[in-house]
Every structure is written in structure tokens, then in C-alpha cells.
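Colleague: Hi! Could you walk me through this one with me? I have a few quick questions.
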Amino acid sequence: MSGQNAADQHAMRFIVHADDCGLTPSISADILDCLAHGPLNSVSVVMGGSDTKASLQALAGLPRTRVCLHLNILEGRCSAPIGQVRPLVDEAGVFRYGLGQMLAALAAGTAARKKALLFAIRTELEAQIDAFAAGIGCLHQRSGLHLDGHLHIHCIPALQQTMAELMHEHRPSYVRLPNEPAHLAPLPLLPLLVGCARRALLTHWSAGFVRLLDSMGIAHNQYLCGLVAGGNLTAARVAASLSAIQLRRQPSPLVEIMCHPGGISAQDADSRIRHNGFYQSPARQTEKKMLLDGSLSHVLARYGTVTDVAADTPPPCPTC
């Protein structure tokens with residue numbers, strides 16, 4: 001095999017993706033700006049955010065943008081009736097647990113309390129899928145239902161049976177896998193240690209989750225770029241991740257580049273909702289700049305090509 005053919009065989013295919021659209025108007029505005037002017041071609045929408053409805057309306061008019069449901073049980077408001085998911089939310093329908101609290105609640109407590117919590121989670125995720133499908137329009141025109149999770153909650157081992165039941169019922173076309181090879185990104189020491197620990201945990205979760213996806217014939221990415229440097233991506237940190245992926249020498253891997261190019265402004269922060277301080281981080285605007293100034297595109301061109309996510313979209317179904 002010639003050197004050029006070998007390079008082509010291992011060239012990566014990229015989905016350039018932004019999480020959290022719809023959580024607040026300012027986050028949505030930043031993401032839509034990147035869609036209009038950068039390599040971004042995929043977006044996840046949070047149901048129950050303060051800008052969800054407007055975001056879905058805007059994205060419905062962008063047929064070449066992949067739109068995913070960002071499954072969420074940690075931030076914002078529930079989509080199901082409050083009375084049906086009370087173990088999961090407060091009196092106002094705001095999610096009551098952070099990720100650590102959720103993991104503890106699923107691991108400890110009485111069997112009855114865990115059963116009630118799992119039932120509430122299943123009910124809420126069902127409601128989110130239904131609300132997303134209604135808001136975005138005919139999913140057939142967008143290659144079916146695509147799923148990922150806020151803080152990757154869809155891969156929590158304690159929720160694997162819940163996710164299996166949901167996927168049997170709704171048959172998503174694609175589910176994101178949080179799998180990134182170990183590497184040392186150019187980060188300060190503390191964020192690097194935190195990022196490496198996060199990557200190790202999520203890669204461990206992915207090992208069990210990929211078996212579920214493969215057994216059901218559900219498509220997924222091979223790798224996710226943005227776990228070690230999650231929320232702090234720069235072009236150099238993307239390059240470090242892609243270099244580690246390249247060493248795996250997997251033929252034409254599908255790599256999702258996970259970005260967070262939107263921050264919460266003082267005008268649209270909701271004091272009743274516990275928003276992670278991460279949304280006020282200046283790194284959000286750094287990620288937006290990376291998407292708009294060409295630096296990310298330059299790095300991606302060295303390793304492969306951005307996938308046209310609309311290329312395999314089937315023709316409109318007759319009922320749409």
C-alpha cells in the first residue's frame with residue numbers, strides 16, 4: 001500500500017458538534033452564530049431550557065445541520081408533568097440533583113427509593129424524546145433520532161437498563177459514545193488531572209455501553225474529542241486528542257468534536273435554576289473563537305474531513 005493510500009485509509013471523519021443549545025437565549029445565540037460562520041454542523045438541544053422552543057424553531061430551518069436530543073436529568077426544568085417525576089425535581093419542576101448527587105442516589109438508599117427514582121428518570125426521558133420529536137418536526141428527514149446526554153448521563157451504568165428500554169422503543173439512529181484515548185493535553189496541571197480522571201471514568205462507562213449499542217445495531221462514533229479538555233477546547237488541545245486517536249490506527253474512524261461555544265449572560269441567568277459555574281467561564285468564548293477563526297478547521301484538515309451529516313439523509317416520508 002502506498003503512503004498516500006495508507007494515509008487515506010486512516011483519515012478521520014469528523015462531526016463538529018455543540019452541546020446545550022436551548023438552555024438559555026445567549027447560549028443558543030452563540031451556537032447559531034457558529035453554525036452560520038464556522039465548521040460547526042451538529043447541535044444538541046436541551047429540553048426544558050429557557051430557549052428550547054425558539055432554538056428548535058431556528059434549527060428546523062437548517063436542514064443540513066444535524067440536530068440531536070441532549071438527554072438531561074440534571075439542569076433546567078422537567079418536560080414530564082411534575083407530579084409524575086417528583087423524585088427527580090422540586091416543587092417547581094427544576095431538577096434537584098447534580099451529577100455526584102445523582103450517582104449517589106442511584107447507588108445508595110432503599111430499593112423502593114431507587115425504584116421510584118429510576119421510574120421518574122424513565123418517565124422524564126420519554127417526555128423529552130416526545131417533546132423533541134414534536135418540536136423539530138419529521139425526524140425521518142433528519143436521519144432519525146440522534147441522542148447524546150448532558151454530562152453523558154445516558155452512559156451511567158445504573159441507567160443501562162433504562163436506556164436499553166428506551167432504545168428498544170424509540171430506535172435511535174445514532175447515540176454518542178464518550179470514548180477518548182488517554183493523552184496529555186496542553187492544560188494547566190489541575191484541569192489536566194481533572195480532565196484525565198473524567199476521561200478515564202467515561203471511557204470505562206463506554207466499554208459497557210458500546211456493547212449495548214452494537215447489540216442493537218445503533219450507529220455511534222468511535223471516538224469523542226473533548227473529554228480531557230472538556231469545556232476548555234483550543235485548537236492545540238484538539239490536535240493532542242486527534243494525535244492520540246491517530247495512534248490507534250483505526251480505519252476511517254468517526255470522531256465527534258464536542259464543543260461548548262455558548263455562555264450564560266447576566267441577562268438570561270435564571271436564579272431559580274442551579275446552573276453550573278462552567279457556563280460563566282471565559283473558556284466558552286474561547287471555544288467560540290476557535291470555531292470562527294479557522295484554527296479548528298486548520299487542525300481538522302491535517303487529520304481528515306468534516307462529514308456532511310446531511311449526505312445520507314433519506315427522502316422525506318410521505319406523511320411529512
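Colleague: Where does the charged end of Arg 66 sit?
Modeller: In this predicted model, the charged end of Arg 66 lies over the ring of Tyr 174, and the distance to the ring centre is 4.6 Å.

Colleague: Nice. And how many aromatic pairs turn up in the whole structure?
Modeller: Zero aromatic pairs, with the whole structure searched.

Colleague: Switching to cysteines: how many disulfides do you count?
Modeller: The count is zero disulfides. Take Cys 34, which is in no disulfide: its nearest cysteine sulfur belongs to Cys 259 and is 8.1 Å away.

Colleague: Is Cys 34 buried or exposed?
Modeller: Cys 34 is buried, at a relative accessible area of 0%. Cys 68 is buried too, also with a relative accessible area of 0%.

Colleague: OK, confidence next. What pLDDT does the chain average?
Modeller: The average is 89, and 88% of the residues score at least 70.

Colleague: Which elements have the lowest and the highest mean pLDDT?
Modeller: Helix H1, residues 3-9, has the lowest mean at 49, while strand E6, residues 223-225, has the highest at 98. Residues 1-6 have a pLDDT below 50, and that stretch makes two contacts in the model beyond near neighbours in sequence.

Colleague: What about residues 312-320?
Modeller: There the pLDDT is below 50 as well. Leaving near neighbours in sequence aside, residues 312-320 have 14 contacts in the model.

Colleague: Great, thanks!

Terms used. Residues are numbered from 1 along each chain as its sequence is written. This is a predicted model: local features need pLDDT of at least 70, side-chain atom pairs count only at pLDDT 80 or more; totals for chains, interfaces and linings use all residues. Side-chain values use heavy atoms; hydrogens and water are left out. pLDDT is the predictor's confidence in each residue, from 0 to 100. Helices (H or I, at least four residues) and strands (E, at least two) are DSSP runs, numbered from the N terminus. Contact means heavy atoms within 4.5 Å. Rings of Phe, Tyr and Trp (its six-membered ring) pair if their centres lie within 6.5 Å; planes under 30 degrees apart count as stacked, over 60 as edge-to-face and the rest as tilted. A charge sits over a ring if NZ of Lys or CZ of Arg is within 6 Å of the ring centre and within 35 degrees of the ring normal. A disulfide is a pair of cysteine sulfur atoms within 2.5 Å. Buried means under 20% relative accessible area, exposed over 50%, partly exposed in between (1.4 Å probe, protein chains only).
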